[in-house]
Every structure is written in structure tokens, then in C-alpha cells.
Amino acid sequence: MKDRQPKLKDYLHDIQQCVKCGTCHAYCPVYDQERREPVVARGKMALAQTLLEGKTEIDERFMRNLSECLLCGSCSNKCPNKVPVEEIVAATRREIAAQKGLSLFGVGLTQVLRRPWLMKLGARFGHLFSAVLFRRIPQQSGLRLRFPAPYIRRDRTIPKVAPHFLRDSYPEFIPGAEDRPHVALFTGCMINFMFPQIGDAAIRLLKALKINIHIPKDQGCCGVPALSSGSGGTVTELAQRNFEALGRTKVDAVLTMCASCNFGLRSHLAKIGGEAGEELAGKVMDIHPFLIKYGIQEILAHTPAPAEVTRVTWHDPCHLRNIGVTAEPRALLRALPGIEFVEMPDADKCCGLGGTFSVYHYDLSLRIGAKKVDSIASTKAAVVATGCPGCMLQLQDSINHAGLNCRVCHSLELLDRALNLEQSE
Ligand code: SF4
Ligand code: SF4
């Protein structure tokens, strides 16, 4: 499909809004590690501008500097001129791909993202041959490759592929009460194939609130991995697929359980399908505020506390922090019976995953993750909860590298467990 994403030249005015004040230096996790001007937002804006002005060429160094970005938005969040740095970096990557082609990894990734049947086949294969391909690591915290493979280091923690996939386990419509809202549940790839228990928990929580749930089977990837790799055509194709799947039924909200999916859906739906696309994008909502709005805290208030108290901390996924969803997950964790919530220092700092960033720059990604682990360790929490399966992967990998005894989970799993919904079904 034709790339309908904005071109780098469309951002010239935004790039010129960078007044080189340097505020972004204090917030960039990559600059924090590298201390090189070309990797911070100010440097990247200068590089993008020189490319547009024809004063530089795309060479290895240029590509490396642009690939060293987590698209975390920590810089644009604090930028006094609101320069949309992540959008500009993504547009520059599309320009690189247009001139130089996608990387080998990017080609493979987009082939899979564009073909849901291929993704499903790969997931089935990964599950069936799990014992041959992977070895288990302690505490059921994941798997490691037995054999060398391109782009995945053997000391990297890989999640298990689930024996059942989320969208296959439910009908496309689960009725609730007549006077309650209708929502479309966006599952995302990771929750569909690797963490279906998060989706199971979300569905049980929504059912407890008598919400009408639509789970379109033909929804696809949110497009963030394609955005990160520079494939604008794939982003457009996936946005079109999701626009058709999620827009088919009139719903009050499109709920996400993954912070990155929330970001991907909101930004990509808005650029496809005109007004209808913008309207649908406007309905995309993270599930935490939705659960609060429709009364989950009232149910929690009547839930008996278990004898044992677990200490839990929270990591803010960048794409929830950027839209201001920070108080709601904390409010829910604080309301959980049997949970002692403890705030970690720098909870809002990026964990270091950044989509394809951690594939190309694994060591750097681990160094950023190690800082996050220090913050987690200082809380002495037994569990770190978050709202993004991508962060869960990175946190578990970083925790395993540090040898910390702490479990990672999604906040929805804790809510579901506290309410004992699985048992009461
Ligand atoms: S904070 Fe914004 S305006 Fe200031 S240097 Fe960074 S990107 Fe430019
Ligand atoms: S998006 Fe994140 S990693 Fe990229 S320049 Fe901004 S702060 Fe740094």
C-alpha cells in the first residue's frame, strides 16, 4: 500500500521550532548514556534540517545517530517549543528507508507484520518447538535461545509463546448490560500471542462492569514496530486494516491494554480515513481510566483482603506518561486489597526497549534498563507492575541480567487476581 505518512519535508516548520535551548539533554535516556550531541533531540533536529537542506548525505554515521532513539517522547514532553521529536525522527527514518531501503531486519519484520497468518504461523511454530529452540530460565521468568540467531542475543530473555491466542479464545461480541457502553478491545500482537492472560484479565474486569465488548478478529498490529523501522507503507496498511476492523461497529471507546498500541492506534488512525479516522482515533483510550470511570474501585472497595501483603511498585510506560495516564494505574494499585504500593524513584524514566532500538542497540538498551532496575531494587518490591507488554519484556530481561528477585506483571493481572474473577467464572 502507498505510504500515506507525512514526509520529512512536511516537518520543516516543526524542525525550525527547535531553538537549540538544550532542555532536552536532561531528559534523553540515550544521551544520558552516550553523552554525544547527535543522539539528543537537539542534535537529531540539526541532522534532519541539514538533510532537508541538502547539506549532508545519508551515510552510516547519519543512520546510526537516527537509529539511536527510543521514540520515547521524553524530550518533546519537556521541550518548551513542543517540537514533535519522535514524529520527526520517524519521518527521517522513512526518508532513510526511501533512499537506502529497509534494513534486513526491517524487511523481515514488515513481511510478518503485513501478514497476520504468517505471524500466527510463526507463533504456533515458536510454541510447538519451544523445548527445542529455547531453554527455561529460573522462576518461570522467560526463555533463552539455545542456538545463535540473528538479531537476538542468547543472553536475552524471551517470553513464552502462549498455547492459546487471545482473539481465538473469544467470540467477536460479548454482550454486557443494555445501558452500559460498547467498547472495541484492541488486543495488540504481544497480548494476543504471548500474554493472553492480560487480555483474559481485561475481559473479566470489563464483564464484571457489565460492559459490551467487541473483539474484532481481523484487527492487526498497531504499527509501532513498522514506524520504528521506517516502513511508512506498512504503517499505512496496518492503520487501514485497524480502521476497517475497529470502525465497523459503532463503539463508545477503543480500549488498549498496551501503552505502545495506544500511541500507535491514536496517531495512525488519525492519519487515515479523514474525519472518520480522526473520530475513531479520538475514541482510543487506555483501559485504566476506563475501568475507574465505570466503577471498578467500588467493586474493589468490597473485596476482602488476603492475609499476605505484597509490596508492588509501578513503572510508567512512556506512551502512558506522554498522554498523562499516570495517576489512574497508581490509584488502582493503591485500591487493591493485600497490596502495599511503593513508588520507585524515576518511575517515569524509559525502560530502554524502544521497539527496534533494543534490537540494533542491545547493549545500550540494557544499560538504560539497568538504571531502571536500580530504581526497582531500591523499593524492595516483590512485584513491578506496568501497563505495556513491551516494557514487561524489557523489565524482565533487565531484572534477569541484574539477578534481582522481582516479578514483572501487568496491572490488569493484579486487579483480576485481587478480585478473584477467574475463580468466580
Ligand atoms: S528542548 Fe526542544 S527546542 Fe530545546 S533543544 Fe531540545 S528539541 Fe530543541
Ligand atoms: S525520543 Fe527519547 S530517545 Fe529519542 S531523542 Fe527524545 S528523549 Fe532521546
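Let's start in a loop. Arg35 sits in the loop between helix 2 and helix 3. Most residues other than glycine have a negative phi. Is Arg35 buried or exposed? Count the neighbours. Arg35 has 10, so it is exposed.

One caution before I go on. This is a predicted model.

Now a second residue of this kind. Lys82 lies in the loop between helix 5 and helix 6. Lys82 is not a glycine either, and its phi is positive, about 55°. Its count is 11 C-beta neighbours inside 10 Å, so Lys82 is exposed as well.

Next, the ligand. How many residues surround ligand 2? There are 16. The closest are Cys28, Cys69, Cys72, Ser74 and Cys75. Which elements give two or more residues to this shell? They are helix 2, helix 3 (41-52), helix 5 and helix 6 (85-100). By class, the shell around ligand 2 has 12 nonpolar residues, two polar ones and two charged ones.

On to the domains. The domain assignment gives domain 1 as 8-100 and domain 2 as 295-424. Their centres, taken over C-alpha atoms, are 30 Å apart. The two domains touch. Domain 1 puts 12 residues into the contact, and domain 2 puts in 13. Look at the domain 1 side. Helix 2 (29-34) and helix 5 (74-78) each supply at least two residues there. Which of them gives the largest share? Helix 2 does, with three residues. By class, this side of domain 1 has six nonpolar residues, five polar and one charged.

Now some strands. Take strand 6, residues 253-256. Ala253 and Leu255 point one way. Val254 and Thr256 point the other way. Are these four buried or exposed? All are buried.

Strand 6 has partners. Strand 4, residues 182-186, runs parallel to strand 6, and four bridges join them. In that pair, Leu185 has Leu255 as its bridge partner. Strand 7, residues 284-286, also pairs with strand 6 in the parallel sense, over three bridges. There, Thr256 stands opposite Asp286.

Last, step back to the whole chain. How many helices and strands does the protein chain have? It has 24 helices and 11 strands. Of its 425 residues, 48% count as buried. Its C-alpha atoms fill a box of roughly 65 × 45 × 45 Å along the principal axes.

What about the radius of gyration? For 425 residues, a compact globule would be near 22 Å. This chain has 21 Å, so the two agree.

And the contacts? Take those between residues at least 6 apart in sequence. Of these, 77% join residues at least 24 apart.

Definitions and conventions
Residues numbered from 1 in each chain as written. Chains lettered and ligands numbered in written order. Predicted model: local features only at pLDDT ≥ 70, side-chain atom pairs only at ≥ 80, totals over all residues. Rg over C-alpha atoms; globule rule 2.2 N^0.38 Å. Buried ≥ 20, exposed ≤ 12 C-beta atoms within 10 Å, placed from the backbone. Contact = placed C-beta atoms within 7 Å. Pairing = 2+ DSSP bridges. Domains from an automatic or database assignment. Nonpolar A, V, L, I, M, F, W, Y, C, P; charged D, E, K, R; others polar. Near = placed C-beta within 6 Å.
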